[in-house]
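Let's walk through this structure together, starting with its charged side chains and then moving on to its strands.

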Amino acid sequence: MPRFKNPHATGSTTPGSKRPGRGAGPWSTAVAFSCAGLAVLAIAGCAQLPGNAEGAGQVSPTVEAPVPVIESPEEVAVKVMNLFARPDEPEQRWHAEIRPYLEKEYAIEAEYIDPARIPFDKILSGPVMDGTEHNEQVVTADFKTDAGTWYVELHQNELGGKWLVGGIHELIKQ
C-alpha cells in the first residue's frame, strides 16, 4: 500500500470524510496533455535536425537570387522617355512609374511636373547618345519628338551601377 495517498485523486476520500474526493479537474488534465504534447513535439522535432534524418549526407538544393540586370544607358533613356511622354496618364500613376528611374534630386523636382503639360506624346527617333571623354558615367540621350528635340541626362553613381536620370529637358537651339 502506498505510503501517502493523494487526497485529490479520483475516487479518494479525505481522511475523516465520507465524501468522495474531487477529481483532477480540467486544468490539471489540460496541463498533463500539454506537457505530453510538448514532449512528443520535442522528440519528433529532433528527427528533423541535421544529422538525424535519413539521407543526412545529402545537401538540399539552394535557390539562387536572380542576378540584377544592369540596363544600358540607352535602354534606360528609351524606357524613361516612353514613360515621360504620356500627357494623358493620371498624375499619381505617371509619377509612380517614372520615379524608380530618377535620381533622388530629380525625383523631387519631378513631383512638380504636371504630365498634362508635357508638350509631346510621340517619340519620332532616338536616342542619339553623347558622352563625355572625362567621365564615362555621365551621358545624354537626344530624342526627336512631335514637339522638337528633348534630351535625357543619365548618371551612373558607381562603375557597373544602375543608370539613373538626372533630368529631362527640351533642347533649345541658339
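Count the salt bridges here and you get 5, where a salt bridge is a side-chain nitrogen of Lys or Arg within 4 Å of a carboxyl oxygen of Asp or Glu. Bear in mind that this is a predicted model, in which local features need pLDDT of at least 70 and side-chain atom pairs count only at pLDDT 80 or more, while totals for chains, interfaces and linings use all residues. Residues are numbered from 1 along each chain as its sequence is written, and side-chain values use heavy atoms, leaving out hydrogens and water.

Now look at R86. Its salt bridge with E97 has the closest N and O atoms 2.7 Å apart. R86 sits in the loop between α2 (73-84) and α3 (91-98), while E97 belongs to helix α3, so the pair ties together parts that are 11 residues apart in sequence. (Helices are DSSP runs of H or I with at least four residues, strands are runs of E with at least two, and both are numbered from the N terminus.) R86 has 17% relative accessibility, so it counts as buried, whereas E97, at 33%, is partly exposed; buried means under 20% relative accessible area, exposed over 50%, and partly exposed in between, using a 1.4 Å probe and protein chains only. Through shared partners, salt bridges join R86, E89, R93 and E97 into one network.

Another salt bridge links E71 and K79, at 2.6 Å from N to O.

Finally, find strands β1 (residues 123-131) and β2 (residues 138-145), which pair in the antiparallel sense over 6 bridges; pairing requires DSSP to find at least two bridges between two strands. A hairpin of 6 residues joins β1 to β2, and V128 stands opposite D142 in β2.
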